[in-house]
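Some labels in a structure description rest on cut-offs, and a careful reader may want to see how each label was reached.

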Amino acid sequence: MSLVTALIYRRRHRLLGRLVQEALAVYGMEVPAAAEVGPGLIVFHRGFGTVLHPYTTLGAGVTLYNGVTVGRADPWVPQESSPMRRVVVEDGAVLCAGAKVVCKEGVLTVGAGTVVGANAVLTRSTGPGEVWAGVPARRVGMRAGWEATPGGAVPGGGAVPVPAATGSGPGSRR
């Protein structure tokens, strides 16, 4: 377990909580005590620039890269007036570098095993084992090794791999 991950799990400590929050700030991370974090969190690159909204729930085995933002799509509205209720990142999801997950209203769910690509801006819920990319994010494929089941995505299934780049852009070789 990395130092940053250990700090995240200790941010609710009764006596040391404030000190732990300040230590996370040194790494450029903001993980409020109200945010719920499941077991097995993986944080790459010390999570520099990562910000989680207090109404965030991270499931088990979630992976966060640097620069991830999870929050509201309407920060100018007072919290109590916002239609946003919560962002739920389910088990095994991966939020790549610079990914933004912003909720407009209700509950936005990032499905189990879903990958949100680098610098993608996700504004709607996803299904299990999907791969989302772009601005705004759209589904570009399924995560290899994940299969959808009635109870969610589980590793080891026969998911369709993400399609390869077509090679038709500038600088491509044929």
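Q: How do you know which features of the model may be discussed, and how are its residues numbered?
A: The model is predicted, and local features need pLDDT of at least 70, side-chain atom pairs count only at pLDDT 80 or more, while totals for chains, interfaces and linings use all residues. Residues are numbered from 1 along each chain as its sequence is written, and side-chain values use heavy atoms, with hydrogens and water left out.

Q: What makes up the secondary structure of the protein chain?
A: The protein chain has 2 helices and 16 strands, where helices (H or I, at least four residues) and strands (E, at least two) are DSSP runs numbered from the N terminus.

Q: Why is the pair of Tyr-27 and Phe-48 called tilted?
A: Rings of Phe, Tyr and Trp (its six-membered ring) pair if their centres lie within 6.5 Å, and planes under 30 degrees apart count as stacked, over 60 as edge-to-face and the rest as tilted. A search of the whole structure finds 2 aromatic pairs. In one of them, Tyr-27 and Phe-48 lie 6.1 Å apart from centre to centre with 55 degrees between the planes, and the pair is therefore tilted. Tyr-27 lies in the loop between helix H2 (17–26) and strand S1 (36–37), and Phe-48 in the loop between strand S2 (42–43) and strand S3 (51–52), so that the pair links distant parts of the chain, 21 residues apart.

Q: Why is Tyr-27 called buried, and why is Phe-48 called partly exposed?
A: Buried means under 20% relative accessible area, exposed over 50%, and partly exposed in between (1.4 Å probe, protein chains only). Tyr-27 has a relative accessible area of 18% and is therefore buried, whereas Phe-48 is at 42% and therefore counts as partly exposed.

Q: Which other salt bridges does the rule give, and where do their residues stand in terms of burial?
A: The count by this rule comes to 3 salt bridges. Arg-72 forms one with Asp-74, the closest N and O atoms being 3.2 Å apart, and both Arg-72 and Asp-74 are buried. Arg-139 forms another with Glu-130, at 3.6 Å between the closest N and O atoms. Arg-139 is partly exposed, since its relative accessible area is 45%, whereas Glu-130, at 11%, counts as buried.

Q: How do you know that S13 and S14 pair?
A: Two strands pair if DSSP finds at least two bridges between them; 4 bridges join S13 to S14, so the two strands pair, and they run antiparallel. Glu-130 stands opposite Met-142 in S14. An open sheet of 6 strands has the order S2-S5-S8-S11-S13-S14, with mixed pairing. S2 and strand S14 (138–142) are called edge strands because each pairs on one side only.

Q: Why is Gly-127 called buried, and what is it in contact with?
A: Gly-127 is at 17% relative accessibility and therefore counts as buried. Gly-127 is placed in the loop between strand S12 (121–122) and strand S13 (130–133). Leaving aside neighbours within four places in sequence, Gly-127 is in contact (heavy atoms within 4.5 Å) with Gly-111 and Thr-114.

Note on methods:
A salt bridge is a side-chain nitrogen of Lys or Arg within 4 Å of a carboxyl oxygen of Asp or Glu.
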